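Please look over the sequence and the model shown below before reading on. The briefing that follows is grouped by topic.

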Amino acid sequence: MAESMKGLQRSHRCTEVSTANIGETVTVMGWVQKSRNKGGIIFVDLRDRSGLLQVIFEGNDIGADGFSKAEKLRSEFVVAITGRVEARSGAVNENLATGAIEIRATELRILSEAETPPFPIEEDSKTKEDLRLKYRYLDLRRPDLQKNLIMRSKVANLTRLFLAEEGFLEIETPMLTKSTPEGARDYLVPSRVHPGNFYALPQSPQIFKPILMCSGYDRYFQIVKCFRDEDLRADRQPEFTQIDMELSFVDVDDVIRINERLLQKLFKETIGVEVKLPIQRMTYKEAMERFGSDKPDTRFGMELKDVSEIVKNCGFSVFTGALEKGGSVRGINADGQGEMPRKKIDALVEFAKGFGAKGLAYLAISGDGSFKSSFSKFMTEEELAALVTAMSGKPGDLLLFAADEDEVVFDVLGNLRLEIARNLDLLKKDVYNFLWVTEFPLLEYSKEEGRYTAKHHPFTMPMEEDLKLLNKDPSKVRAKAYDIVLNGTEIGGGSVRIFQNHIQEKMFEVLGFTKEDAYDRFGFLLNAFKYGVPPHAGLAYGLDRMIMLMAKEESIRDVIAFPKVKDASCLMTDAPNLVEDKQLAELGIEVSDQEK
């Protein structure tokens with residue numbers, strides 16, 4: 001039967017008790033991690049969010065009734081314990097913050113009993129994730145998850161302090177807003193008051209940020225929930241959190257400088273990692289050509305090399321055919337992997353096909369300098385030697401080549417270098433390589449829609465020197481856009497916004513919007529821009545992704561208190577679920593029998 005804690009007040013969290021408290025009487029409260037009855041003496045490991053503390057129960061100190069009560073303790077019972085702090089009588093436990101002390105209990109209250117949990121509450125749990133997520137309230141008691149959420153809270157608090165000192169105002173933007181179909185799929189919310197009409201949950205505060213700039217709040221931020229109805233993977237959730245900011249009277253360098261100092265503070269004060277400033281910058285073009293990715297992982301080499309000129313006149317039709325169609329031939333050098341078994345090479349070929357490759361050409365350089373290749377019979381010794389030289393190949397290396405249109409070649413080799421790095425354990429989690437990627441294309445051509453679409457969003461400012469290309473060759477226009485990349489993961493991105501009416505109208509024209517279309521979708525913003533708009537720019541971080549990398553986790557689910565699984569459902573609450581017909585009727589919605 002549960003007891004009251006009336007008259008008791010916790011004096012310390014478990015790991016707040018130290019050798020400095022020896023001889024003092026303290027009151028601690030928490031969960032029983034483990035209880036060991038040694039006959040006449042009971043050892044209990046007490047756990048709260050701060051860590052573990054050993055408690056000793058003996059009849060001489062706690063009395064016969066108290067000892068009898070202590071004999072009933074089981075895992076996850078919630079207890080309050082008063083006792084004296086002593087130096088540990090046994091060997092000091094170096095693995096515990098409280099390993100040099102113990103509490104000799106003089107009073108015990110069982111505040112709550114517990115059934116046997118469906119899995120052990122322990123670090124590095126081997127329990128299947130689905131079971132852990134079903135019982136998330138138990139999973140969240142595990143020290144490693146608690147450490148992640150404590151880290152997340154610290155990052156949020158440090159961010160608020162830093163941005164406040166930099167003159168930012170924290171301003172909330174609406175959760176119920178207007179659907180703007182550009183971008184990912186919206187979550188829609190039906191309106192009871194306006195039958196047949198829908199709100200959308202915000203994919204980001206994107207449409208409200210410039211309005212705040214127009215309203216004179218020249219530095220805004222918020223740590224905000226965002227929603228996207230898209231297919232999930234390890235670093236995506238239907239609801240996620242952004243650190244969102246917008247600044248007036250700034251250009252690219254101003255936004256980057258403030259955010260470099262923010263990152264430096266967060267990583268130093270949270271995980272003790274020094275971020276050297278300025279952070280390296282690389283243009284989108286250079287990133288694609290060197291790494292095959294606009295979010296390159298620079299913790300290892302294996303960079304792409306363009307060998308199109310070397311092979312343009314060779315006898316290998318796979319290479320020459322790609323070049324004739326306007327594509328390229330590029331390769332990567334898997335250093336020291338020349339003896340890779342054929343079975344593993346074949347697995348890499350299959351991996352490459354998953355990214356659009358028709359195949360993958362390889363050339364292995366043996367220890368004696370001889371070549372073993374899938375295409376050697378189509379090329380002369382001189383041509384092969386020139387290819388190896390261009391790839392900086394040496395005895396013991398494995399050269400891998402893709403030939404296709406640039407987009408496919410980049411995708412194939414960019415992912416292939418990551419796959420090989422994973423296989424060779426080159427992706428060290430204790431290394432933090434930051435990189436700004438800049439000068440993204442403003443537009444990308446959609447074959448499905450037969451028009452250009454915005455690479456970021458329709459309000460991204462083109463680089464001034466490229467404005468003339470909007471009429472001639474829109475695909476070559478670069479944007480004043482920038483992403484911050486950490487270890488091959490984009491943790492944030494932003495851009496300078498268009499604030500001049502004639503550029504905005506031109507942008508809409510290139511995107512295929514009529515004036516009516518533009519006002520139908522973004523009228524409230526365009527109207528705001530009629531009344532004096534300052535130059536402005538912004539950036540938003542994916543907070544979940546940043547914490548995932550800080551915590552060296554594989555999935556953002558491990559840094560979110562109550563995440564969804566891959567089908568966007570919550571295993572703990574069974575959301576989403578059916579609602580009563582009465583609720584649907586109020587909204588004027590019918591659900592077909594098939595959907596039920």
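## Briefing on the predicted model

Strand 17 (residues 434-438) and strand 20 run antiparallel and are joined by five bridges, where strands are DSSP runs of E with at least two residues, helices are runs of H or I with at least four residues, and both are numbered from the N terminus. Two strands are taken to pair if DSSP finds at least two bridges between them. This is a predicted model, in which local features need pLDDT of at least 70 and side-chain atom pairs count only at pLDDT 80 or more, while totals for chains, interfaces and linings use all residues. Residues are numbered from 1 along each chain as its sequence is written, and side-chain values use heavy atoms, with hydrogens and water left out.

**Overall picture**

- The protein has 17 helices and 22 strands, and its C-alpha atoms fill a box of roughly 95 × 75 × 55 Å along the principal axes.
- Of its 596 residues, 48% count as buried, where buried means under 20% relative accessible area, exposed means over 50%, and partly exposed lies in between, with a 1.4 Å probe and protein chains only.
- The protein exposes about 29,800 Å², of which carbon and sulfur atoms supply 49%; accessible areas come from the Shrake-Rupley method with a 1.4 Å probe, and for residues only the protein chains shown count as cover.
- Among the contacts in the protein with a separation of 6 or more, 67% are between residues 24 or more positions apart, a contact being heavy atoms within 4.5 Å.

- Strand 20 (residues 481-486) is largely enclosed by the rest of the structure, because six of its six residues are buried.
- Both of its faces are covered, with Ala481, Asp483 and Val485 buried on one side and Tyr482, Ile484 and Leu486 buried on the other.
- The bridge partner of Val437 in strand 20 is Asp483, while Ala481 stands opposite Ser495 in strand 21.
- Strand 21 (residues 489-496) pairs with strand 20 in the antiparallel sense over six bridges, and the two strands form a hairpin with two residues between them, where Asn487 in the turn has a positive phi of about 50 degrees.

- Eight strands form an open sheet in the order 6-9-10-22-21-20-17-11, with mixed pairing.
- Its edge strands are strand 6 and strand 11 (281-283), each of which pairs on one side only.
- Strand 6 runs parallel to strand 9 (residues 219-227) and is joined to it by two bridges, with Tyr220 in strand 9 as the bridge partner of Leu169.
- Helix 4 (residues 143-165) lies across strand 6, strand 9 and strand 10 (239-248), running at about 155 degrees to strand 9; axes are lines fitted to C-alpha atoms, for helices over the stretch in contact, and angles run from 0 to 180 degrees between N-to-C directions.
- Gln242 is placed in strand 10 and counts as buried because its relative accessibility is 8%.
- Beyond its neighbours within four places in sequence, Gln242 is in contact with several residues, including Gln222, Val224, Ala540 and Tyr541.

**The closed barrel**

- Five strands form a closed barrel that runs 1-2-3-5-4, with mixed pairing.
- The twist from one strand to the next averages 55 degrees.
- Helix 1 (residues 59-70) packs on this sheet, touching strand 2, strand 3, strand 4 and strand 5 (101-112), and its direction makes about 35 degrees with that of strand 5.
- Strand 1 (residues 25-37) and strand 4 (residues 78-87) run antiparallel and are joined by seven bridges, with Ala80 in strand 4 as the bridge partner of Met29.
- Ser50 lies in the loop between strand 2 (41-48) and strand 3 (51-58), and it counts as partly exposed because its relative accessible area is 28%.
- Leaving aside neighbours within four places in sequence, Ser50 is in contact with Arg13, Cys14 and Thr15.

**Helix 14**

- The buried residues of helix 14 (residues 501-510) are Ile503, Gln504, Lys506, Met507, Phe508 and Val510.
- Their cover includes strand 18 (443-446), strand 19 (451-454), helix 13 (469-472) and helix 15 (515-528).
- Helix 14 is followed by Gly512, which has a positive phi near 85 degrees.
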